[in-house]
Amino acid sequence: MPRARSLAGLGLACAALVLLCAARCRAQQVVDRIAARIENDVILLSDIRLLGRYQLLVDGKSETASDILDRLIDQWIVRNEATIARTPQPSEADVDRAVQRLQQSFASREDYDARRKLAGLTDGDVRRMVANQLFLNNYLDSRFRPSVQVDEQAVQDFYKKAVLPRAEARGQSPPTLEAAHDYILEALVQRGISDQADKWLKESHGRVRVTKLLGEDGP
């Protein structure tokens with residue numbers, strides 16, 4: 001009789017464990033549901049949350065779930081084209097430097113770590129997000145930089161309308177045009193790349209099948 005009770009207790013314990021696992025699986029399915037279908041791929045709710053946390057780290061705030069989903073759709077389009085073009089993944093050294101630049105944008109390493117933890121990100125999360133951004137940016141740069149034209153007048157105008165007023169507002173002595181020339185030129189090239197990429201993405205949306213499943217209440 002004691003053995004029968006023992007077996008019965010074991011059976012109840014197993015049943016309870018199965019029910020607990022099933023409940024957890026259902027909870028996970030609800031939490032990490034599909035936010036959008038794009039061609040034969042999907043964007044998950046966890047993808048939206050991860051990018052939102054990364055925005056919180058970098059910008060101090062995050063966009064709405066709907067806006068983040070739009071960004072992820074853009075990223076999917078760029079990543080798909082970059083893969084077709086066989087764009088190489090960034091090197092570990094490139095990722096190291098990019099992560100270091102991000103950390104140096106904070107007042108101290110302690111400040112960075114505190115913000116990262118507050119955003120709910122691990123060092124691995126940050127590294128993956130940085131590597132992904134480098135990969136996408138490298139493709140866009142290689143695709144659009146050759147067609148961006150910046151003349152000398154545009155450089156001078158930027159110096160007068162942006163560099164000089166910024167230095168004056170900060171009470172600083174402005175750099176000479178010669179000293180700031182290459183910085184200004186690259187900034188204008190990056191603006192041109194961004195403008196062309198935005199136009200291309202808008203056109204690309206019409207050629208990609210996207211079904212958004214994200215509810216109005218977001219995550």
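Modeller: Asn-132 touches Gln-75 and Arg-79, leaving aside residues up to four places away in sequence; contact means heavy atoms within 4.5 Å. This is a predicted model: local features need pLDDT of at least 70, side-chain atom pairs count only at pLDDT 80 or more, and totals for chains, interfaces and linings use all residues. Numbering runs from 1 along each chain as its sequence is written, and side-chain values use heavy atoms, without hydrogens and water.

Asn-132 sits in helix α6, residues 123-144 (helices are DSSP runs of H or I, at least four residues; strands are E, at least two; both are numbered from the N terminus). Its relative accessibility is 18%, so Asn-132 counts as buried (under 20% relative accessible area, 1.4 Å probe, protein chains only).

Now the space. The second largest pocket holds about 280 Å³. Its lining has 13 residues; Asp-47, Leu-72, Gln-75, Arg-79 and Asn-132 are the closest to its centre. β2 (41-44), α2, α3 and α6 each give two or more residues to this lining. α3 gives the most, with 4 residues. A pocket here is an open set of points on a 1 Å grid over the protein atoms alone, where a 1.4 Å probe fits, with protein on both sides within 12 Å along at least five of seven lines; lining residues have an atom within 4 Å of a point. Points join across faces, edges and corners, and the volume is the space filled by probe spheres set on them.

The largest pocket has a volume of about 1200 Å³. Among its 34 lining residues, Arg-71, Gln-75, Gln-133, Leu-136 and Asn-137 are the closest to its centre. α6 supplies the largest share of that lining, 10 residues.

Notes. Buried < 20%, exposed > 50% of the residue type's maximum accessible area, 1.4 Å probe, protein only.
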